[in-house]
Amino acid sequence: MKGIFRSLVILLASLPSTMGAFYGKNSQVVNLDESNFQEKVIDASHNKVVMVEFYAPWCGHCKALKPAWNEAAKKLKGVVTIAAIDANDEKNRGIAGQYGIKGFPSIKIFKNGVPSDFNGGRDAQSIINAGYAALTSYSKRLSKKTAEKFFENDAKAPKAVLLTKSGSTPMYWKALSMLFNGAMAFAEIKAKEKGLIDQFKADYEGLKAPGLVVFPEGKSGPHEVYNGPMKLSPIKTFLKKFAEIDDGEEYVLPELVDQSCMEKHCGSAALCVLVVTSSGGAKDAKPVIQQVEEGREDSLYSFTWIDNQKQKKFLKKAFDMDPQEFPQVVVLSPRKKRYSLLVGSFNAEGINRSLTRVLRGGIKTAPLHSGGVPKLEGSTQKCKKSPKPKPKPTPSKPKASPKSSKGSGSKIGGSVELTEKTFDTLVLKSKSPWMIEFYAPWCGHCKSLAPHWKKAALKMRGMVKFGAVDATAHKQLASKYVVKGYPTIKYFGEGLPKEAQDYQYGRTAKILSRFAKTLMTSKHIGEVQSGEAETFISTLDGDTPRALLVTNKASPPELWRALSTEFQGDIKFGIVSNAEDGILGVKNVPGILLKTLKADKPIIYKGELNMPAIASWLYESTGITELTPESISKKAAEEKKRLQKEKEEKELLRKMVHNIDSQKEFDALCSK
């Protein structure tokens, strides 16, 4: 069967390319307009370089630039974003005017939301060189002297170390260090540091040069070695297992749900790769297959997955397969009606090696057991294209905006609506960190931010507080914090006193929540050894309660850091790390214990492990008053009542007490 698939390589090479609009769907150029410019350029440029061409479709120079711009986008894919916006389109003219565009084509390079002019040559290489030159490296160069300091700095943070044979930082590593900046620390060991390279190779089995090793919890924790293709996309996929970033890209591994999906994903494919697994297994398989797909030079394969329970009959009929607990990989040629079941470990390196052997005829293929490709189970047509809907007639009267579009300052979704009356008490007197948005109800960018603000607030679940101020209604607050445009985002760190800082990063939910996590600290948590746990939780400092987390993790989780920050000074927090079940009556770790002056023995928490639930339990169990709009109103009402009573008592006392200035007044008063 050697060479059975070779003719399929020629098939793909002969397929015609399709052309779309100015930059079609097959181009690597990102098409921009007023609806996505903020997200794709301003927000994205905080973690990557974005080059934007402002063009007009009728412009001769723009047409001449097009091949070079396409070529640069292809060569810079993943390293630098190449984008274009039709500045002649009426809806985009406001953006063109904002950046002073007076001729076409104009090219701007965006970094950290700030544009600079590109005045270089209009050939592909000049554009590529400019993109490379704009990259900033956040990677530390390690030597035997500096390596220890690199690992000691923020010791528990994830770190990635590259071993390279090059004398300079590879462009893909610069781009990745920008993309992961703030989420993972980057370092590199150059070829001249041979002793350090040899030491790393000896310490971390399987590590090569070039290659990289990741320490998810710092050098003292576990590590994982990467020896795949030294290219940006597969390395990025690998690194995303250890750090969350918002790169605006979501890899999709399509499922063969029914026959329409088979026709869409495998019908015209030269070779179709089927990951046969359960619905739960598909989630784990996804990053592996993404790494496989992005690491291949060819584009001969279509990658999919199929449910081994729902499509049991299909699998048996086509491949004589039975469901297994582990994922299986099948390479299918629908045209040749042949298949091959890949054998070996389910990892990117092994699968890639097997796929290459299939192409070269090194792995034997077999005819389908059913003769042809059988139809998938199910009568649905989930992958069938829906007919384009007919355009709806324009209504005579515009519909009123829904209440939810008022701005992200609504009380929905965990973000608190702040006013001049509540701001000082809720924010400035709070020990927790806050993220504050100053918005205007009519502001378009505020409405675009609203779903991201809500999602980030929900994700943080009170671990970092999110609030919003209608700057048009509360002008004194807006003036105090120098709000000059909408939306403006400020953040306030933990502890007291509070100072406002400008937020200057991306405005997607992932970036907002990722930044919010950096505001949490573990400095209010004491490390407690297993043998000292009972003493810690039983011994109080005066009447200050104590809370202890028993966990199998090596470092304090975000939730415990947030709670210790909110209750700092009111509750003493501790943690028993790397603990096993059974400590202090905690049957299953993680577990939380609380000791108060009133309780004879520590109380074990039995509720849900989230910030609102645990915080509510701590407030209720300790009698500490939570700062909420309701508690503020209640306290204000009580204070008003107290002052009124004090006023009435003074008035009564004034009436009862008489000032006597003479003997005559005394005789007159006392004689009565």
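Where in the chain is the place of Lys 337? The model shown in every figure is predicted.

**Figure 1. Overview of the predicted chain.** The chain has 672 residues, and 46% of them are buried. Its secondary structure consists of 22 helices and 25 strands. The accessible surface comes to about 36,700 Å², with 51% of that area on carbon and sulfur atoms. Of the contacts between residues at least 6 apart in sequence, 73% join residues at least 24 apart.

**Figure 2. Tilted aromatic pair of Phe 37 and Phe 54.** The whole structure holds 31 aromatic pairs. In the pair of Phe 37 and Phe 54, the rings are 6.5 Å apart centre to centre, with 45° between the planes. Phe 37 belongs to helix 2 (residues 37–43) and Phe 54 to strand 2 (residues 49–55), so the pair ties together parts that are 17 residues apart in sequence. Both Phe 37 and Phe 54 are buried.

**Figure 3. Edge-to-face pair of Tyr 204 and Phe 215.** The centres of these two rings are 5.3 Å apart, and the angle between the planes is 75°. Tyr 204 sits in the loop between helix 8 (194–203) and strand 9 (211–215), while Phe 215 is in strand 9 itself. The two residues are eleven apart, and their pairing links distant parts of the chain. Tyr 204 and Phe 215 are both buried. They also belong to one aromatic cluster, together with Phe 150, Phe 151 and Phe 200.

**Figure 4. Lysine side chains over phenylalanine rings.** The charged end of Lys 66 is placed over the ring of Phe 22, at 5.0 Å from the ring centre. In the second case, Lys 159 lies over the face of Phe 150, and the distance to the ring centre is 6.0 Å. Phe 150 is one of the members of the aromatic cluster that includes Tyr 204 and Phe 215.

**Figure 5. The second largest pocket and its lining.** The space in this pocket is about 1,600 Å³. It is lined by 40 residues, of which Asp 154, Lys 156, Ala 157, Pro 158 and Ala 183 are the closest to the pocket centre. Helix 17 gives the most, with three residues.

**Figure 6. Buried residues in helix 7 and at Ser 577.** Helix 7 (residues 171–179) is mostly covered, with seven of its nine residues buried. The buried residues are Tyr 172, Trp 173, Ala 175, Leu 176, Ser 177, Met 178 and Leu 179. Ser 577 is in the loop between strand 23 (572–576) and strand 24 (591–595). Its relative accessible area is 15%, under the 20% cut-off, so Ser 577 counts as buried. Leaving aside residues up to four places away in sequence, Ser 577 touches Glu 527, Thr 551, Lys 553 and Ala 554.

**Figure 7. Positive phi at Asn 112 and Lys 337.** Lys 337 is found in the loop between strand 13 (328–333) and strand 14 (338–342). Although Lys 337 is not a glycine, its phi is positive, at about 60°. With 42% relative accessibility, Lys 337 counts as partly exposed. Asn 112, also a residue other than glycine, has a positive phi near 55°. Asn 112 lies in the loop between strand 4 and strand 5 (114–117). Its relative accessibility is 44%, which places Asn 112 among the partly exposed residues.

Figure 8. Pro 105 is part of the loop between helix 4 (93–98) and strand 4 (106–111). Pro 487 is located in the loop between helix 16 (475–480) and strand 19 (488–492).

Note on methods. Residues are numbered from 1 along each chain as its sequence is written. This is a predicted model: local features need pLDDT of at least 70, side-chain atom pairs count only at pLDDT 80 or more; totals for chains, interfaces and linings use all residues. Side-chain values use heavy atoms; hydrogens and water are left out. Rings of Phe, Tyr and Trp (its six-membered ring) pair if their centres lie within 6.5 Å; planes under 30 degrees apart count as stacked, over 60 as edge-to-face and the rest as tilted. Helices (H or I, at least four residues) and strands (E, at least two) are DSSP runs, numbered from the N terminus. Buried means under 20% relative accessible area, exposed over 50%, partly exposed in between (1.4 Å probe, protein chains only). A charge sits over a ring if NZ of Lys or CZ of Arg is within 6 Å of the ring centre and within 35 degrees of the ring normal. Contact means heavy atoms within 4.5 Å. Accessible areas come from the Shrake-Rupley method with a 1.4 Å probe; for residues, only the protein chains shown count as cover. On a 1 Å grid over the protein atoms alone, a cavity is a set of points where a 1.4 Å probe fits but cannot get out, and a pocket is an open set with protein on both sides within 12 Å along at least five of seven lines; lining residues have an atom within 4 Å of a point. Grid points are joined across faces, edges and corners, and a volume is the space filled by probe spheres set on the points.
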